[in-house]
Amino acid sequence: MSRFSDRLRNLPAFFKDCALAVSTGEKASRSTASPFAIQGMNVAYHNKAVVRDLNLELQPQRLTAVIGPNGAGKSTFIKAALGLVPKLGGRVSVFGKALDRQRHLIAYVPQRGSVDWDFPASALDVVAMGLYGRIGWIKPVRKHHLDTARHWLEEVGMAEFADRQIGQLSGGQQQRVFLARALAQNAELYIMDEPFAGVDAATERAIITTLKKLKAQGKTVLCVHHDLQTAPDYFDNAFIMRVTDIASGPIKEVFTMENLQKAYGGRLPEAELQAILSRQSGRDGIALQ
Ligand SMILES: Nc1ncnc2c1ncn2[C@@H]1O[C@H](COP(=O)(O)OP(=O)(O)O)[C@@H](O)[C@H]1O
Ligand SMILES: [Mg+2]
């Protein structure tokens, strides 16, 4: 058994709550069904409801931002939808079928805080792991896996750090490694939890360029994004939520004072929300009402 395989067995400890297993297995043809649909989802931690009757129907081949304040349940609804935390109820479908049949179509990049950075894996290992099947299903590493992993590290400008232990990388570099891992999975649906958090401007640009490339290839991206200022520049659509869904659709349509107040009311001053909306209107040439 290789050292790498030993490491794979420890994966749940490494990724803690994000041990979603995906592989580059056979692709289901893209169907017309929503890439990611959730109906009536409820999630509670210690009997406290944190997600209540949440509904989502993601539009295919779009970049969609999940928008909502800290503690809104953004990470939780995603983890519950992916089966990484239990849900109390609700239905989830991926391209019209049950999640279990479609996992190979999803690449998931967890929020940075949920990763164990002490895990003895190099940047190359982390990307190569994205090429493997289910956790616990151990196959030997082949040279072509490593070559593929190296290719994707190059794509995100991280080739020179291939052998660096992941804990020894900066926040932006770690995020690029996870992006390379998601890309290596060649998925149809990319779900990323705050990929821009704590990264430098160059990494932010690299990530958004990559997301736009994915969209051009016909992929669907759902991305938790906390920056209301940049959201209209980066994303086509927004899913605004706080415990439950508030609005969903093209950003220009759903970024209204009413929707943002429902989400951020009491958390962000109205003047700040107004400034965000004014900026957007100015850019789009729309007069503010
Ligand atoms: N493992 C957990 N155990 C108990 N409560 C949790 C856990 N994870 C998150 N929470 C709580 O659930 C709520 C939603 O959290 P989260 O989904 O992380 O929000 P967001 O990603 O929108 O910031 C918060 O009140 C948070 O404190
Ligand atoms: Mg979160």
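Which residue in β2 is the bridge partner of Tyr 45? I looked it up: Lys 48 is the partner.

Before going on, I noted that this is a predicted model, where local features need pLDDT of at least 70, side-chain atom pairs count only at pLDDT 80 or more, and totals for chains, interfaces and linings use all residues. Residues are numbered from 1 along each chain as its sequence is written, while chains are lettered from A and ligands numbered from 1 in the order in which they are written.

**Entry 1: the open sheet.** I found that β1 (residues 37–45) and β2 run antiparallel and are joined by six bridges. They belong to an open sheet of four strands in the order β2-β1-β4-β5, with antiparallel pairing. Strands here are DSSP runs of E with at least two residues, helices are runs of H or I with at least four, and both are numbered from the N terminus. Two strands pair if DSSP finds at least two bridges between them. β2 (48–57) and β5 (97–98) each have a single partner strand, so one side of each lacks a neighbour in the sheet. I then saw α3 packing on this sheet, where the helix touches β1, β2 and β4 (89–94). Contact means C-beta atoms, placed from the backbone, within 7 Å.

**Entry 2: ligand 1.** Helix α3 (residues 74–81) turned up again, as it gives the largest share of the shell around ligand 1, three residues. Among the residues around ligand 1 I listed Tyr 45, Gly 73, Lys 74, Ser 75 and Thr 76. A residue counts as near if its C-beta atom, placed from the backbone, lies within 6 Å.

**Entry 3: strand β8.** I checked β8 (residues 220–224) next, and five of its five residues are buried. Buried means 20 or more other C-beta atoms within 10 Å of the residue's own, with C-beta atoms placed from the backbone. Thr 220, Leu 222 and Val 224 lie on one side, Val 221 and Cys 223 on the other.

Which strands join β8? Strand β3 (residues 63–67) runs parallel to β8 with four bridges, and Leu 63 has Val 221 as its bridge partner. Strand β7 (residues 189–193) is also parallel to β8, with five bridges, and Asp 193 is partnered by Val 224.

Terms used: Buried ≥ 20, exposed ≤ 12 C-beta atoms within 10 Å, placed from the backbone. Contact = placed C-beta atoms within 7 Å. Axes fitted to C-alpha atoms, helices over the stretch in contact; angles between N-to-C directions.
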